[in-house]
Amino acid sequence: MELLVIFMIFVSFVFLCYLFRNKNGIPTNWPIVGMLFALLVNLHQVHVWLTEVLEKSDMNFLFKGPWLANMKMFITLDPANVHHIMSKNFTNYPKGTKFNEMFDVFGDGIVNVDSDMWMFQRKMAHTFISHPKFHPFLQDTVWEKVEKGLIPVLDHVSKQGLVIDLQDLFNRFTLDTICTLVTGCDLGSLSIDWPHVPFSNALDDAMEVILYRHIVPMRVWKFFRWLGVGSENKCKKAWEILDEFVYKCIAKKREEEKQKSMKPQVGVDLLTLYMDESQPINVTNVTSASDKFLRDTILSFFLAGRDTITTALSWFFYLLSKNPRVESKIREELSTMETVHDYQKLIYVHGALCEALRLYPPVAFEQKASIESDILPSGHQVDPNMQIIFNMYAMGRMKAIWGEDCYEFKPERWISEGGSIRHEPSYKFLAFNAGPRTCLGKNMAFFQMKAVVATIVRNYTFQAVEGHHVVPDVSLILRMKHGFMVKVYRSP
Ligand code: HEM
């Protein structure tokens, strides 16, 4: 009997989805249900669907959810609107309290707050990321991870003739790197034993729950959180694992600082700088150097710097596997370098990375909430407290922005006639965000990505496993749903 009821519900759902499907490419706003069924039926391929919808609606589209569900979102890719929201009228468009609540596991770190709290943290993060003591530490850490982590694992895999998931490999590389850069501790997840790392799984679980909170009405997930059941229970467990690890790192660092000799260090991690009371800007000024502040800061860096680079590198190598012409040009460029450490001179590689980020931006969605009403450059009216969404995946595929060949992978797009990198305004190329909240780790990210690309393309060849389907996942970060399975060969 129960099975029959479930079956009937399923059949009715499929029928409703069919009935309410969009016929001209733009979803119809039906009475009571709004555009919900169009969204549900396309959820599995949400980026592709939004690309079609936005192409057909001149890059501006108002999504209306069911009646009483408070799901009204203005989705825009129009560069003039992006520039207005991200820069010109920045103060009217914070991330909003909803964002902070959904990302509660990350506390009040830079990625998760607005206004004065954000401004202070931004100043601090900017100071330390560009600190003269952090720069050498960054260089040493990345090259060490490449030489002692990535190369031995790839050598092992190629000798054994194994098939690996490249996305998992890069995930381990970036996790260990960001952990060392931020806390000074190496998690050791990148090794031939492929160890199970609970901290990494906890980060994945937290992100999965945050995605689900974007889809389920707020009252519902908050009720489940209160009950501590379902995904919310998963989030609670992930939270405990994250806390345990991060607080341990902070305690360890405090202990090390006490025992430290007076010998000045050439390079230091970010946590050391955040704890250093002699820095002109330091946590003692504001938050009594609380462990909670440091915990939220560390987790924000994990959130910003792990999945982003993993995703960018995975799609980059996927695109390379489909474009042997580009791979040959990269090899050609690398052959002119005396050492792989000449990464700054890599113009073509830089263009190819930008092109991969245009087609597969790791942060595929950006959201804002208006404070006051406003009129956008496109003429659209914004009401107070309205959700504004940018879809960067769709933005990289708009003919009006990138031309008729926007679906092609063409690193040349980024290179000027004089042979230098062509600058594209950030409100057109939004992969690193735009305006005052532009990504603070952009240079760091390019450095890491170039170190990996140069090392791999020089020394290895990947062969994609035939029949393995590579598609974007429905997630906040544009990860590959089933990874990218490859066989690795050491170049002669
Ligand atoms: C390919 C790699 C990366 C991409 C595509 C990327 C992209 C972005 C985007 C889109 C944002 C805005 C997010 C939002 O407001 O919700 C952002 C913010 C940020 N990113 Fe990155 N990021 C990358 C790597 C990194 C790395 C390695 C770090 C260093 C830890 C970093 C640090 C930050 C920080 C601190 C912010 C917050 C800025 C603020 O809110 O003022 N990012 N990034």
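The score is pLDDT, the predictor's confidence in each residue, from 0 to 100. Helices (H or I, at least four residues) and strands (E, at least two) are DSSP runs, numbered from the N terminus. Over the protein chain, pLDDT averages 90, and 92% of the residues score at least 70.

This is a predicted model, in which local features need pLDDT of at least 70 and side-chain atom pairs count only at pLDDT 80 or more, while totals for chains, interfaces and linings use all residues. Residues are numbered from 1 along each chain as its sequence is written, and side-chain values use heavy atoms, with hydrogens and water left out.

**The iron atom**

Next, select the iron atom of the ligand together with Cys439. The SG atom of Cys439, at 2.3 Å, is the only protein donor of this iron. Donors are N, O and S atoms within 2.8 Å of the metal (3.2 Å for Na, K and Ca); water is not among the atoms, so sites may look incomplete. Cys439 belongs to the loop between helix H18 (399–402) and helix H19 (442–459). Its relative accessible area of 33% makes Cys439 partly exposed; buried means under 20%, exposed over 50%, and partly exposed in between (1.4 Å probe, protein chains only).

**The shell around the ligand**

Then inspect the oxygen atoms of the ligand. An N or O atom in the side chain of Arg122 is 2.7 Å from a ligand oxygen. For Glu366, a polar side-chain atom lies 3.3 Å from an oxygen atom of the ligand, and for Asn433 the distance from a side-chain N or O atom to a ligand oxygen is 3.5 Å.

**Cysteines**

A search of the whole structure finds zero disulfides, a disulfide being a pair of cysteine sulfur atoms within 2.5 Å. Select Cys179: the nearest cysteine sulfur, that of Cys249, is 5.4 Å away. Cys179 is buried, at a relative accessible area of 0%.

**From H3 into S1**

Move to the loop between helix H3 (46–56) and S1, where Asp58 is placed. Most residues other than glycine have a negative phi. Asp58 is exposed at 65% relative accessibility, whereas Met59 is buried at 12%.

Asn60 lies in strand S1 (residues 60–64) and is buried, at 10% relative accessibility. Its side chain makes a polar contact of 3.0 Å with the side chain of Asn81. A polar contact is a pair of N or O atoms within 3.5 Å; within protein, one must be able to donate a hydrogen and the other to accept it, and residues adjacent in sequence count only if both atoms are side-chain atoms.
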